[in-house]
Amino acid sequence: MSAQATVASQGSAGAAPIGVGLLGLGVVGRGVYDALRDNAATYAERSGRRIEIRGVAVRDADRPRPGVDAALLSSDPRALAAREDVDIVVELMGGMEPAADCIAAALRAGKSVVTANKEVMARQGPELLALAQEHDAALLYEASVGGGIPIIAPLTRDLQANDIRSLHAIINGTTNFILTAMAQDGTSYDAALAEAQRRGYAEADPASDVEGIDAAFKLAILASLAFHTSVRPDDVYREGITALSASDFRFAADLGYVIRLLAIAGRDPAGALDVRVHPALLDSHDPLARVDGVLNAVAVEGDLLGRAIFEGEGAGSGPTTSAVVADVLDVVANGVRAGSRRPWAGAAGGTDPSAPRFVPRGELRMRYYLRVLVRDRPGVIAEIGRVFATNHISIASLLQVEADAVAGTAEIIITTHEARESDIDRFMATAAMLDVVRDLAVRIRIGSRP
C-alpha cells in the first residue's frame with residue numbers, strides 16, 4: 001500500500017464514519033447503493049472517511065428488494081433526511097415534491113446534500129444554494145445535467161477565468177436517440193419513439209423529453225452558471241421534436257445538414273440573454289452533428305478557452321451513479337468547501353442580483369428550413385413567393401417534391417437567407433390563410449448561433 005493510501009486508511013479508521021441517507025432506489029438510486037456498499041474500502045481510502053448507508057427511502061418499504069438490506073428501508077423520506085445519524089442526504093427521487101422539501105429540510109439541519117434533480121435545481125437552485133451557505137452545508141448537483149459528463153464543476157470552478165460567450169448542447173439522450181434513428185434508419189417518429197421506449201430510454205409518457213421540457217430544465221441550470229445570473233425554466237424558449245418526419249431528415253441530408261434537438265445559450269452585444277431549446281439543422285461537419293444515439297455533449301466557448309466540448313453518456317445508471325458518488329466523495333473529503341463554488345445569482349454571493357434581460361424571440365436573426373404542403377396547381381410557388389417578399393424574407397433554395405396525384409398535393413422545401421424570427425412568424429400566419437396552402441408542416445432553424 002502506498003504512503004498516501006496508508007494515511008487515508010488510517011484517517012478513515014480513526015474518524016467516525018459518514019452516514020448517508022439515500023432518498024430513492026430507482027435505476028440510479030440502486031446504482032449508488034451498490035457502489036457505496038461494494039466499494040466502501042476504496043472510497044474510504046480516497047475520501048479519508050468510511051461512508052455508511054444509514055437508510056434508504058422508498059415508496060413501498062415492504063416490497064422485497066434482493067441485495068438490499070431490508071432493515072435500511074423506510075417509506076418516509078422526510079424523516080430519513082432529518083435523522084441525526086445521517087450526515088449527507090443523497091436525493092434521487094426526482095420531481096419537485098417531496099424532493100425539494102427534503103433537500104431544504106436537510107440543508108436547514110446543516111446536512112450536506114447531493115442531488116441529481118434537474119427540475120428542483122432549475123426551479124429553486126438559487127434559493128437552495130443560499131440556504132446551504134446560510135447553514136454551512138454543501139449542495140452538489142453534478143448529476144443534474146449530462147449524467148456522467150463533468151460540466152457543473154467546470155462551469156463553477158475550472159472556467160471561472162473565462163467570460164463565457166455561448167453554450168451549445170445536446171442534453172437529452174432520449175430525443176437524440178430518436179433523431180439518430182430517424183436519420184440513419186429512415187424510421188418514422190412513432191417507430192423511433194417506440195424503439196426508445198422498448199430499450200428503456202423513453203418513459204411511457206415521453207412528453208418531458210420529446211417536448212424539450214427536460215432539456216429546458218438543464219439549460220436553465222447551465223445558463224445560470226455560465227452567465228452568473230438566474231435563468232428559470234420559464235425563461236427558456238422551447239420547441240419539441242414531435243412535428244418532425246422522416247422526410248425532413250432526407251431533405252436535411254441532401255442539403256448537407258443533420259437535425260438535432262439543440263439547447264443554446266448566449267448573450268447579445270447589449271448583454272441580453274438568448275436561451276432556447278428547439279430542433280436545429282447543423283452542418284454535417286459540426287462536432288455536435290456527430291453526437292449520435294443517447295450521447296450528450298456540451299460545447300462551451302469562452303474568451304480565454306476558445307471552444308471546448310464535453311461529451312459522454314448523459315443518462316443511465318452507470319454515468320449518473322458516477323457523478324453522484326463523485327459528489328459524495330467530494331463532500332466527505334472537503335466538507336463545506338465542496339459546496340462553496342460560486343453560486344448563481346439569487347444565492348448568497350451571487351454576482352448579479354438584478355433580473356436578467358432576455359432577447360425578444362422576434363428579434364432573433366437566423367436562417368430557416370420550411371416544409372410546406374400545398375395544392376398541386378399552377379402558380380403556387382408564385383403566390384408563396386409574394387408572401388415571402390411582403391415579409392422581407394429572401395429565399396435561398398426551393399425544392400418542389402413530386403406531387404401526390406391522388407391527394408392533389410405537393411410538398412415544397414424552402415430554405416431562407418438570414419431573416420428575423422418575427423418576419424418568419426408573419427409569413428407563416430399569412431401563408432396559412434392562402435387557399436393554395438394545405439399545411440405549414442414544419443419550421444426548423446438552421447445553424448446554432450449565437
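**Legends to the close-up views**

**View 1. The side chains of Y368 and E421 are joined by a polar contact of 2.6 Å.** A polar contact is a pair of N or O atoms within 3.5 Å; within protein, one must be able to donate a hydrogen and the other to accept it, and residues adjacent in sequence count only if both atoms are side-chain atoms. The model is predicted: local features need pLDDT of at least 70, side-chain atom pairs count only at pLDDT 80 or more, and totals for chains, interfaces and linings use all residues. Residues are numbered from 1 along each chain as its sequence is written, and side-chain values use heavy atoms, with hydrogens and water left out.

**View 2. Y368 lies in strand 13, which spans residues 365-375.** Helices (H or I, at least four residues) and strands (E, at least two) are DSSP runs, numbered from the N terminus. Y368 counts as buried because its relative accessibility is 0%; buried means under 20% relative accessible area, exposed over 50%, and partly exposed in between (1.4 Å probe, protein chains only). Not counting residues up to four places away in sequence, Y368 touches I414, T415, T416, A419, R420, E421, I424, R443, I444, R445 and I446; contact means heavy atoms within 4.5 Å. The C-alpha atoms of Y368 and E418 are separated by 7.6 Å, although these residues stand 50 residues apart along the chain.

**View 3. T180 is placed in helix 8, residues 173-185.** With a relative accessible area of 7%, T180 is buried. A polar atom of the T180 side chain lies 2.7 Å from the backbone oxygen of N176. When residues up to four places away in sequence are not counted, T180 touches D185, R260, D292 and G293.

View 4. Along the principal axes, the C-alpha atoms of the chain fill a box of roughly 85 × 50 × 40 Å. Of the 450 residues, 53% are buried. Among contacts in the chain with a separation of 6 or more, 73% are between residues 24 or more positions apart.
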